[in-house]
Amino acid sequence: EGLVSAYASDAERDAEVSVRPKRLADFIAQHRVRDQLDLLLQGAMGRGTPPDHILLSGPPGLGKTTLANIVAAELGAGIRVTSGPAIERSGDLAAILTSLAEGDVLFIDEIHRIAKPAEELLYSAMEDFRVDVVVGKGPGATAIPLDVEPFTLVGATTRSGLLTGPMRDRFGFVAHLDFYSPDELDALLQRSARILGVPITEEGSAEIAGRSRGTPRIANRLLRRVRDFAEVRADGTVTRETARAALQVYDVDELGLDRLDRAVLTALVDSFRGGPVGLSTLAVAVGEQPDTVEEVCEPFLVRAGLLARTPRGRVATASGWRHLGRTPPNGTFG
Ligand code: ADP
């Protein structure tokens, strides 16, 4: 399992849930989004109505699911959780919508993957709190209108660009989550270590923060791996030395790139002389889906300045070449 995949196991998920912040005040960093959400929620609670629908976009592991749960907690509302790929038929969605209690939060992860008929049903639910359920087929089919209790949809997507216009327009609040800085991840790690009861030095936490790919989920996961190492091979305290030694065992480099990130960069440099090369060709070269390369690897490689997206395709930057210990050819971008 790569470090970026959602969960390696149930135990990993449980460990993740135990450090998941429950309230807005405990959510680290992302100050703009937090401020905006706070206003949205306070305003709605003051009026006694459910807030506008909320769209959260950004790469995996940056806190979208966490924020959806926080929205429900702050509102004192119930939450129903589903995902775009899980809603195969519009009837599935109609059943969920009509079973919501007043003020509930409905969280739909990967909302850009929702099937078209279900998406259209969702429009009327979002806008008018009403759905038309079609009964029967052909000329005898009839639409039965059903009421839906006022609710707040929280949609999450790694690809806001893939949402249809009508869908995007129905969200009154849209926020983009960006990668976290090492300092922010440092604060996050200190908090997680406190909750998990892991002794950690400032240098130990900084070392992990710098190698967490800007991603809270990865920071927390690396903390658990380094804790294992510290407990088994040292005195249990996470220090710079135990962190470095452990991360070497787990194949995490100084920038935090994992195996797939490095495979993409290596293919770009070795097989395509640094590019430009098209996304699908690059994906085939590393044996991955183009979506995974584009949604999971590239945002961080771009952010780290190792890869650039150009109109002619993907290229390795000079820093990308150097990160692999190679000399960039003359004229290499960046
Ligand atoms: P996403 O839904 O965007 O993939 P999650 O909300 O599942 O990401 O976040 C992954 C984990 O990272 C969460 O379980 C939580 O523990 C942690 N996390 C994410 N963002 C924050 C944050 N801002 N502050 C503290 N912990 C966070």
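This report walks through the fold, one annotated residue and the confidence of a predicted model.

**The chain as a whole**

Let's start with the overall picture. The secondary structure amounts to 14 helices and nine strands. Along the principal axes, the C-alpha atoms occupy a box of roughly 70 × 50 × 35 Å. Buried residues make up 40% of the 334 in the chain. If you count contacts between residues at least 6 apart in sequence, 67% of them link residues at least 24 apart.

**A closer look at Thr 65**

The UniProt record, an unreviewed entry, lists Thr 65 under "binding site". In the model, Thr 65 belongs to helix H3, which covers residues 64–75. Is Thr 65 buried or exposed? Thr 65 is buried, because 20 other C-beta atoms lie within 10 Å and 20 or more is the cut-off for that class. Setting aside neighbours within four places in sequence, Thr 65 makes contact with Asp 109 and Ala 156.

**How confident is the predictor?**

| Score | Value |
|---|---|
| Mean pLDDT of the chain | 93 |
| Residues with pLDDT of 70 or more | 98% |
| ipTM of the complex | 0.99 |
| pTM of the complex | 0.92 |

One stretch calls for some care: over residues 1–5, pLDDT stays under 50. The model has 11 contacts beyond four places in sequence for residues 1–5.

Definitions and conventions. Residues numbered from 1 in each chain as written. Predicted model: local features only at pLDDT ≥ 70, side-chain atom pairs only at ≥ 80, totals over all residues. Helix = DSSP H or I, 4+ residues; strand = E, 2+ residues; numbered from the N terminus. Buried ≥ 20, exposed ≤ 12 C-beta atoms within 10 Å, placed from the backbone. Contact = placed C-beta atoms within 7 Å. UniProt positions renumbered as here; feature names shortened; annotations may be inferred. pLDDT = per-residue confidence, 0-100.
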